[in-house]
Amino acid sequence: MRLMSFGDLNIYDFYKKMESNDIMLSFKGDVTSDMLTSMLQIMETKLDNLGEESRVKRKVYNVLVECLQNLYHHRDEMKRTGFKEESAAIFMIGRNESSYNIVTGNYILADRVSDLKSRIDQVNVLDKDGLKMLYKEVLNNEERSEKGGGGLGIIDIARKSKQKLVYDFMDVDDKYSFFSLYIKIPQKN
Amino acid sequence: MGKISIEGTSKTPTVLFDAEAGVMELKGRSIPENSIEFYKPIVESLDDYSKGPKSSTKVEIQLEYFNTSSSKCILDLFKKLEAIHKAGNEVSINWYYEEDDEDMLEAGEDYQAIIKVPFTMIEVEEED
């Protein structure tokens, strides 16, 4: 059925993949402030319609805010110089019987990879109390990134999800890597 | 002296600061992308206030959500309050959290551990 093809994308395969992973929302593009606001509104409505208990709803919403704002704050970096494509990231959230699953993907300057990798690794070896201590330490240091976060996002995501952060860096060319981050938020924890 | 009254939005909190009464309130959501910009006038007013504060200052924080970029700005506010307290004035902070919101309770405890100001955690029933 030729009609089901879109470039090299078979839309039925794509639909089935999204369906089997219970994707609630997926987005590829420039994560602007307006786009971010819209996505949060859509997700809030979806979580309300699912009748999700408020404890889980708040956690998912909080983690979503941090993920999407991470993408937003690094928009400039995602626009690869010398390419026509727009600044873009990919974002998906799905849900199964036991957890909400979020994945984000974006270009990152290759020379930032080792720093980001070591920050996530640092968070991943810590337990609940260790994360609390690190959070307070970073909260209380004088560092401010331009928009205010100053390195708390990753720690906060790990604290609220109570799961290790799974990530991957794929070399794209000598200047860029593609960073993907997988976050799982158990419905009971 | 200054009075601030900002109506809340889906991303920013309702803010009330009445310097004459020595009362500050933050309610709702604080998840703006640029928190520094949002909190700047509030931090500045509190800075002015700290030059001649009331003998008693009461602060109420009742947030549903706040992002990590707001968390540093909220700490900035608390540090100003700490200085007012240290100078010999009465300051109290009430931190509200919904009964099953362990994350908001922990966030309050984090501030409580950093800031040397009488800090009360108050559990409220879930809205909806």
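Me: At what angle do α1(B) and α2(B) pack?
Reply: This is a predicted model, in which local features need pLDDT of at least 70, side-chain atom pairs count only at pLDDT 80 or more, and totals for chains, interfaces and linings use all residues. The axes of α1(B) and α2(B) sit 10 Å apart (axes are lines fitted to C-alpha atoms, for helices over the stretch in contact; angles run from 0 to 180 degrees between N-to-C directions). The pair packs at an angle of about 5°.

Me: Is α1(B) roughly parallel or roughly antiparallel to α2(B)?
Reply: The packing angle is about 5° (under 35 degrees counts as roughly parallel, over 145 as roughly antiparallel, 65 to 115 as roughly perpendicular, the rest as oblique). So, for α1(B) against α2(B), the label is roughly parallel.

Me: Which residues of α2(B) make the contact with α1(B)?
Reply: Residues are numbered from 1 along each chain as its sequence is written, with chains lettered from A and ligands numbered from 1 in the order in which they are written. From α1(B) come S35(B), I36(B), Y39(B), I42(B), V43(B), L46(B) and D47(B) (contact: C-beta atoms, placed from the backbone, within 7 Å). The contact splits into seven nonpolar, three polar and three charged residues (Ala, Val, Leu, Ile, Met, Phe, Trp, Tyr, Cys and Pro are nonpolar, Asp, Glu, Lys and Arg charged, the others, Gly among them, polar). On the α2(B) side you've got S69(B), S70(B), C73(B), D76(B), L77(B) and K80(B).

Me: What follows α2(B), with a positive phi?
Reply: Helix α2 of chain B spans 68-86 (helices are DSSP runs of H or I, at least four residues, and strands runs of E, at least two, numbered from the N terminus). Phi is near 100° at the residue after that helix, G88(B).

Me: Which helix gives the most to the side of chain B that touches chain A?
Reply: The contact takes 25 residues from chain A and 22 from chain B. On chain B, α1 (35-49), α2 (68-86) and α3 (102-114) each supply at least two residues. By class, that side of chain B has nine charged, seven nonpolar and six polar residues. With six residues, the one that gives the most is α2(B).

Me: Over in chain A, is α6(A) roughly parallel or roughly antiparallel to α7(A)?
Reply: α6 (residues 128-140) and α7 (residues 153-161) of chain A have axes that come within 10 Å and cross at roughly 150°. L131(A), L134(A), Y135(A) and V138(A) meet I155(A), D156(A), A158(A) and R159(A), which divides into six nonpolar, no polar and two charged residues. Given that crossing angle, α6(A) and α7(A) are therefore roughly antiparallel.

Me: At what angle do the axes of α3(A) and α7(A) cross?
Reply: K59(A), N62(A), V63(A), E66(A), C67(A) and N70(A) of α3(A) contact G153(A), D156(A), I157(A), K160(A) and S161(A) of α7(A). That contact holds three nonpolar, four polar and four charged residues. The axes come within 10 Å and cross at roughly 160°.

Me: Which strand has the lowest mean pLDDT among the elements of chain A?
Reply: Chain A averages a pLDDT of 90, with 93% of the residues at 70 or above (pLDDT is the predictor's confidence in each residue, from 0 to 100). At the top among chain A's elements is β6 (residues 166-171), with a mean of 97. The lowest mean, 68, belongs to residues 5-6 of chain A, strand β1.

Me: What ipTM does the predictor give the complex?
Reply: Chain B averages a pLDDT of 94, and 98% of the residues score at least 70. For the complex, the pTM is 0.92 and the ipTM is 0.93.

Technical notes: Two residues are in contact if their C-beta atoms, placed from the backbone, lie within 7 Å.
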